[in-house]
Amino acid sequence: KTKTEELVDEIQKLKEERNALILGHNYMVPEVQDTVDFLGSSLQLAHQAADTDVDVIIFCGVHFMAETASIIAPDKRVLIPDLDAGCSLADSITVEQLREWKAQHPDAVVVSYVNTTAAVKAESDYCCTSSNAVDVVNSISEEKEILFLPDKFLGGYVEMVTGRDLTIWDGACHVHEKIGEVNLSEKQEEHPEAEMLIHPECGCSTSCMMKSAMYFDCEDGHIHSTGGMLEQAQKSDSDEFVVATETGILHRMRKENPDKKFHPANEDAVCEYMKMITLEKLHDSLKYDQHEVKVPEELAKRAHLPIERMLSIA
Ligand code: 13P
Ligand code: SF4
């Protein structure tokens, strides 16, 4: 057996012993993707955390995702293999900044992307992910002003689809904001037959959506969450795709569609936080019961309602 196979065997054994569930985001490194019990988008993983009856959830993803699991499943022990696995987008708004923003717009409804800290969620009315942001905004009365945070590109995309004016925070993900129109135009020239799959956090999402909605005569403009991109890759008749998001998703796409070709829009779109979660750290997490992510009870209570709303608007 190789060292990796031995490690995976040990992980499976420890998982049984601890009655644990291993969740992993679509951006994980390949060997972690191949080892987790459930691989998915932020929304799919939150649903899994809500539905499980295990004792321990090991979250192979970034910190805000583990926090969300701790809020949804307060009686479970939630562990993250590396506590430094953060998120630049979640860091782009603090709870103090949000309180100040709310004070300037006292009647507004606050819609927060799931990529936020628990403290920010606790100050929000709704949470959303990239797969249900449009539905969440559509569920709010047209009379209401909406403060949308923290991602300006997702906000712009939601404005475009819903036709509503949102007040949008000036935040972005450092990985997705560098995926721009130039990358996509170049890739389109290189692979003229390829279908575009674009994550709404990308720097080009609004302009690309307008263009592709026009060219392809489709409503969503080929903009999808990671879960939506994977679904589209499987159901589409195209056999070649340009993928505009974090490159980790390509492993799963290629595995699920061995006869199709996938090209990253930008090879450098790599999230160093997601890559901090290695097989070795996953093993140690199970073996040494580290590192617990526990949102304090009072904060968790306040953050629960916006998350519940997100889960019910699927
Ligand atoms: P999804 O919600 O589409 O899985 O994306 C999460 C994320 O962190 C994007 O960078
Ligand atoms: Fe955060 Fe961007 Fe990494 Fe996603 S890709 S976890 S939004 S830093």
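pLDDT is the predictor's confidence in each residue, on a scale from 0 to 100. In the present structure, which is a predicted model, the mean pLDDT of the chain is 93, and 94% of its residues reach 70 or more. A stretch where the value stays under 50 is found at residues 214–218, and for this stretch the model has two contacts beyond four places in sequence. For the complex, the predictor gives an ipTM of 0.98 together with a pTM of 0.95.

The domain assignment divides the chain into domain 1, made up of residues 3–86 and 274–295, domain 2, covering 90–168, and domain 3, covering 181–264.

One open sheet consists of four strands in the order β2-β1-β3-β4, with parallel pairing. The edges of this sheet are formed by β2 and by β4 (77–79), each of which has a single partner strand, so that one side of each is left without a neighbour in the sheet. Direction ignored, neighbouring strands are turned against each other by 20° on average. Between β1 and β2 the parallel pairing extends over three bridges, and His25 stands opposite Gly40 in β2. Helix α13, comprising residues 279–288, lies across β1, β3 and β4 and runs at about 160° to β3.

Helix α3 (residues 42–51) contributes a group of buried residues, namely Ser42, Leu43, Gln44, Leu45, Ala46 and Ala49. The elements that cover these residues include the strands β1 (20–25), β2 (38–40) and β3 (56–60). Helices also take part in this cover, among them α4 (63–72), α11 (226–235) and α14 (297–312).

A further open sheet is built from three strands in the order β9-β10-β11, again with parallel pairing. Here β9 (195–198) and β11 (261–264) stand at the edges, and because each has a single partner strand, one side of each is left without a neighbour in the sheet. The twist from one strand to the next averages 25°. Strand β10, residues 240–244, pairs with β11 in the parallel sense over four bridges, and within this pairing Phe241 has Phe262 in β11 as its bridge partner. Helix α12 (residues 249–256) lies across β10 and β11, running at about 170° to β11.

Most residues other than glycine have a negative phi, and most peptide bonds are trans. Against this background, the peptide bond from Leu149 to Pro150 is cis, with omega near -10°, and Pro150 is placed in the loop between β7 (146–149) and α8 (152–162). A cis peptide bond also joins Gln290 and His291, where omega is about 0°; His291 belongs to the loop between α13 and α14. That loop also holds Asp289, a residue other than glycine whose phi is positive, near 55°. Asp289 is exposed, because 12 other C-beta atoms lie within 10 Å of its own and a residue with 12 or fewer such neighbours is classed in this way. A positive phi, near 50°, is likewise found at Asn19, which lies in the loop between α1 (3–18) and β1. With 10 C-beta neighbours inside 10 Å, Asn19 therefore counts as exposed.

Cys173 is buried, because 27 other C-beta atoms lie within 10 Å, where the classification requires 20 or more. Leaving aside neighbours within four places in sequence, the contacts of Cys173 are with Ser88, Leu89, Asp151 and Glu201. The C-alpha atom of Cys173 is separated by 9.3 Å from that of Pro150, although the two residues are 23 apart along the chain.

Key
Residues are numbered from 1 along each chain as its sequence is written. Chains are lettered from A and ligands numbered from 1 in the order in which they are written. This is a predicted model: local features need pLDDT of at least 70, side-chain atom pairs count only at pLDDT 80 or more; totals for chains, interfaces and linings use all residues. Two residues are in contact if their C-beta atoms, placed from the backbone, lie within 7 Å. Helices (H or I, at least four residues) and strands (E, at least two) are DSSP runs, numbered from the N terminus. Two strands pair if DSSP finds at least two bridges between them. Axes are lines fitted to C-alpha atoms, for helices over the stretch in contact, and angles run from 0 to 180 degrees between N-to-C directions. Domain bounds come from an automatic or database domain assignment.
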